[in-house]
Amino acid sequence: MYGQIGSLLVLCVILTQIAEAGQTRLSRQSLPLHHTLYEQLQGEYRSAYGVAEYYKLKGQVSPELILVQASASLELGYLAHGRELINDLDEGSLLPENQSRLHLYLARDAYRRRDWPLLDTHLEALEQFNLDDRHYYFLLAESARINLRFEAAEVALENLDLSDVYQFYGRFNLASSVVDRDPATAARHLQSLVALPARNLEQLLLTERGRVALADIYLAESAHRSNAQADTLNANIQNKQAREDRLHEDRLQEDRLHEDRARQVLAKVSASYQYGPMALARLARIDMQAGHYENAAAIWHHLWQNYPWHRAATAAPSGLGYALLQSSGEEAAYGTYLTALDTLESQSQSLSDFGNTLSDQLHNPDWVLGKANNESNESNDGNEGSLLLWLAKGLGHDDWTSWLADESVQRSARRWQSLDLAYKDLKRRQQDLSILQVVDAEQLRRTEAARKRIQEDDLAVASDGLIRTLEADLSDLSTRNYRITDDLSRFATAEEAALLKAIDQLSVGHGQTEMVRISRLKGLVTYQIYEAIPKRRQQQRDLITGRLAAAQTLKQRITRINSSAAQLPSSALANNNVSRRITQLSAAADTLSQRTAVALGNARGSLIASMMDYIDQDQRLLTAQANGLEYDIARLLDRQFLAEAAP
Amino acid sequence: MRYVVNTLIICLALMLTLDAHGAEDQQNLSEKPQENNLEAELLQLNAQLQLLEEDLLYPASSRVAVFLSMDLGELFALDAVSLKLNGKDVTHHLYTERQVNALYQGGVQKLYVGNAKQGMNRVTAFFTGKGPSDRDYKRAVTLEFEQSFEPVFIELQVTDNTGSQQPEFVATAF
């Protein structure tokens, strides 16, 4: 439920952000929100929380980012923390749409904590926003119901879609509120509830719950109406015997009518879910009241055999015995009572043994974790499910879902598992920190080595010299006008340089004619080079510019290394900023680890307590059943004794 | 009979009471502030650790971070993105439906964080998916950027060009 509110908050944030920005291009300001949303929208709430926290640490925080983080907190079940985040928000800094969401969340929170005046305050604040939201309508309906304004509650529910789960909850709650003073209205709400289209398991279970409750109202209704009828008959029929006969007849007819209606409703309850046994128990009761003992016996037997641990089967052994007494005689009933008693004693013994094992072993964390891990390996299931499955098997439950569904057991197990994961995660983080410490030390070593090398080789001076030379070359290339009579060898290609060298060698020891020809040849090559100078000068300029940039980068790196090295105390490298952060984080991880270990111990204790409590409840139930059976047996024996003693 | 029926009625009445409260209980969530704080503190510690890790492994002067976003995205169904930095494969990501939906709804994915050399660098992203008419579609986009002493942020964006009815792939440093 909170998840849905959280998602809506997020959706609203997105819409308003897009509307506000009026552009789709990302900026460094909008990046934190959109990056966090990416995780949140996938349902990766831990990541979303972490990403938001990461940007907060970097100082890139906005009210919308906090809102998303609060939403992630709620999804993760960190309700108190989520509330803190939202309380710290400055409402005025939010867009109106988000202000309404904020009030909606706070109203929802007040409802959850049953703080009705606060709920009304936030609902009043929401009036100005003309909100069209399913959560809002549900809260309006609930507020009206709590304030006994049932008609207003119905009006608010009319705004909800018929397939909305809130419609189901709203109608059931309305029926619950009026059932004592106005069963007919309660029945009307439940009738509308069971007619709703159930599209998922949650809705189906609510519908089935509604059917069972509606059947109970029908069954209870006959007594009320019969009293009213008695008053009418008293006024109209003077003869006492005739009046009583008529009343009896009317009551029987009335009973049949209501029982038929209840039976029709109960017949639609599926046997596959938790309300199936409850419906069966009611059907057995109806058959008992109508005198259909064979049917009743069959239902009680089915109930007891198939749902031995279900609360609805509590009366099954006793009911079965009585139904058999009426349909098959005392012998069958007596045999059933004794068998039932034996079964109950056996169940009670197995519960006691199991409880003793648990109380001995559950305090031993290694045993619990070992058991959970073994089960986990066998079933490839989560630790929680496997451990509970094992415990449920130990209790003798074939259908262990009712036990597993116990809210306190589930809550404790979830808490235990979540803290266990947190504890393991912390251990991994401590290892990560050790690795980072090694990386940091290595980086520091390299920085220090680089600094030494820079100093020893005087690299800073060398790079300055290189830059000066390159700049001079560049200046020369850019400004000087070359002529054909100059030495142009700096622009010659390797082939041209080799050719010029060969020509120079030819000129030695030849006559004048040859010398003229050689000189002409050299002039041709030189002219060719001269012609190519503009192009080659540009190439050389580009080359020198590139080298100059590289030399400047090198100088910047030398400056940076010198600067970071200067931050290091020469003797104690560990005291730099990163090392200090690592040390602080390690200390924080240690403290958190210790606190988590304590909380883990508490959670385990709580899990054990809730398990033992459940076992106690089962034990008390068995004892009550056994007492009831013993009473039934005693009555049967009395009856037999009286029958034998009769003349 | 009266005893049995009375017992049954009491049991059934108890169940109705439980039911009546059940609906409200369903709305209730448990909370243990101290333990919740522990888990939140763990996430906060993780965030600090991540920041430290980044500072240490990707110094600001060489850090480059690549993000992916989608605007509309009706003309392109994203399957995968590969990223090359200076010709070297640095990351490859296959998208789930949930991740694509998160992108459609305005989320931005941090695709890559790494180090780039000082000076000019080149990043190339290859997008694979289904284009208009459900045809296989593969496109690349390249961006040259200069790494100075500040971290570089690059956004890869998939947008719909409604004029040409084709998806567009853009890379921008911001």
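**View 1. Residue contacts between helices α7 and α8 of chain A in the predicted model.** In α7(A), the residues A:Trp116, A:Leu119, A:Asp120, A:Leu123 and A:Leu126 meet A:Tyr136, A:Leu139, A:Leu140, A:Ser143 and A:Ile146 of α8(A); a contact requires C-beta atoms, placed from the backbone, within 7 Å. Helices (H or I, at least four residues) and strands (E, at least two) are DSSP runs numbered from the N terminus. This is a predicted model, in which local features need pLDDT of at least 70 and side-chain atom pairs count only at pLDDT 80 or more, while totals for chains, interfaces and linings use all residues. Residues are numbered from 1 along each chain as its sequence is written, and chains are lettered from A and ligands numbered from 1 in the order in which they are written.

**View 2. Axis geometry of α7(A) and α8(A).** The axes of helix α7 (residues 116–126) and helix α8 (residues 134–146) of chain A come within 10 Å and cross at roughly 135°. Axes are lines fitted to C-alpha atoms, for helices over the stretch in contact, and angles run from 0 to 180 degrees between N-to-C directions. α7(A) and α8(A) are therefore oblique to each other, given that angles under 35 degrees count as roughly parallel, over 145 as roughly antiparallel, 65 to 115 as roughly perpendicular and the rest as oblique. The crossing is left-handed, meaning that the near helix is turned anticlockwise from the far one by less than a right angle.

**View 3. The open sheet of chain B.** Four strands in the order β3-β2-β5-β6 form this antiparallel sheet; pairing requires at least two DSSP bridges between two strands. At the edges, β3 (88–94) and β6 (136–147) of chain B each pair on one side only. Neighbouring strands are turned by 20° against each other on average, direction ignored. Strand β2 (residues 77–85) and strand β5 (residues 119–130) of chain B run antiparallel and are joined by eight bridges. B:Ala80 in this chain stands opposite B:Thr128 in β5(B).

**View 4. Confidence along chain A.** Chain A has a mean pLDDT of 80, with 83% of its residues at 70 or more; pLDDT is the predictor's confidence in each residue, from 0 to 100. Confidence is lowest in helix α1 (residues 2–21) of chain A, at a mean of 43, and highest in helix α9 (residues 150–157) of chain A, at 95. Over residues 396–404 of chain A, pLDDT stays under 50, and the model has 19 contacts beyond four places in sequence for this stretch. Where pLDDT is low, the predicted coordinates should not be read in detail.

Conventions: Contact = placed C-beta atoms within 7 Å.
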